[in-house]
Amino acid sequence: MTARSALARPRPDPLPDTAPDSSPGSAEARSSRRGRSRRPLVACGLLLALLALAVVCSIAFGARVVDIGEILDGLAGRGEALGALAVAERVPRTATAVTAGAALGVSGALMQAVTRNPIADPGILGINTGASLAIVAAIAFVHISSLWEYLWVALAGAALTAVFVYAVGSLGPGGTTPVKLALAGVATSAALSSLISAIMLPRAEGLTDFRFWQVGSLGRGTWASLATVAPFLLVAAVLAAAMARPLNSLALGEEMAVGLGVRVGRTRLLAAAAGVIACATTTALVGPIGFVGLMVPHAVRMLVGPDNRWLLPLSALGGAALLTFADVLGRVIARPGEVSVGVVTAFVGAPVLIAIARGAKVREL
């Protein structure tokens, strides 16, 4: 063999020990798995920090900015200074924002998982509006006035709306699809909003009370109201936690879920019930607030993936932080008055919804 022919021969592949080891037990694979396992913990720490910052801002900022001494006096319940009294008033409002935001975040995550629709949330599906219509109608015609009555009326309205939207979304060929559910929810919400306006307009003397159930506000949050809704939210939280693992199996497809021993109908019913209870209870407490259940699960899913065992609790943290920050923004930009938190979340959420619609097709998760 000549030197020229030897040089013309193709060079052999690198020896196996010079190639990167990408086997499942390699150092790179182990490092990648460790990185993925840390992501939920990192996201949890980040959201807890954001929530803590939101709580501090909610207590410190408003129509009057308070200093650290007034904050401490207000939290301790001592002092007659105006700043300390303002802090004492802001604490239950902040707790209400945290509670309502957490409930809306979990409700949105559950509805997206049950419908396998990435744009599902209590507002898009009309459930918020259905609960609001029920309360407005009951105030106008039955003259209810207590939060306990609002709760049961809101639950009835939300449940009936959810059943109606699902039934309409199931009509026609192909059965229930994400697009049909979203369209049915938007159409139902528009129709119910018109009914709310029709009930409100002839009753201008009580317009302030009715307006609360049209846009949503945290101004009525008290410790007594939180104690009233706590049992309902606890039931929703327990159901959501119990359904997290079955919902993961359901995301693989109905046939795979059945093969894994999941009762598909029971899982969907209980998860949907948890979402409706959380949404209706929040609506009875603070009025209809949209887009929190849409934005938060999407952001959390980008951080930790689709595992509902992490998605649901982190959506609660994210929803609490978002709604608290929105309330602070509404109080700061219109000082000494305030912009209702439902208006602020709508301004923030509408561009997010447009971005989601432009960036991805409405498809199964």
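Which side chains meet in a salt bridge at 2.7 Å, N to O? I looked this up in what is a predicted model, and found that the side chains of Arg93 and Asp327 form this pair.

Entry on H5 and H11. I turned next to helix H5, residues 127-141, and helix H11, residues 264-286, whose axes come within 9 Å and cross at roughly 45°. The two helices are therefore oblique to each other, and I noted their crossing as right-handed. On the H5 side I listed Ile127, Asn128, Ala131, Ser132 and Ile135, which meet Val276, Cys279, Thr283 and Ala284 of H11. Sorted by class, this contact has six nonpolar and three polar residues, with no charged residues.

Entry on confidence. I recorded a mean pLDDT of 82 for the chain, with 83% of its residues at 70 or more. Over residues 1-22 the pLDDT is below 50, and this stretch has five contacts in the model beyond near neighbours in sequence. Over residues 361-365 the pLDDT is likewise below 50, and that stretch has 18 contacts beyond near neighbours in sequence. Where pLDDT is low, predicted coordinates should not be read in detail.

Methods: Residues numbered from 1 in each chain as written. Predicted model: local features only at pLDDT ≥ 70, side-chain atom pairs only at ≥ 80, totals over all residues. Heavy atoms only, no water. pLDDT = per-residue confidence, 0-100. Contact = heavy atoms within 4.5 Å. Axes fitted to C-alpha atoms, helices over the stretch in contact; angles between N-to-C directions. Helix = DSSP H or I, 4+ residues; strand = E, 2+ residues; numbered from the N terminus. Parallel < 35°, antiparallel > 145°, perpendicular 65-115°, else oblique. Left-handed = near helix turned anticlockwise from the far one by under 90°. Nonpolar A, V, L, I, M, F, W, Y, C, P; charged D, E, K, R; others polar. Salt bridge = Lys/Arg side-chain N within 4 Å of Asp/Glu carboxyl O.
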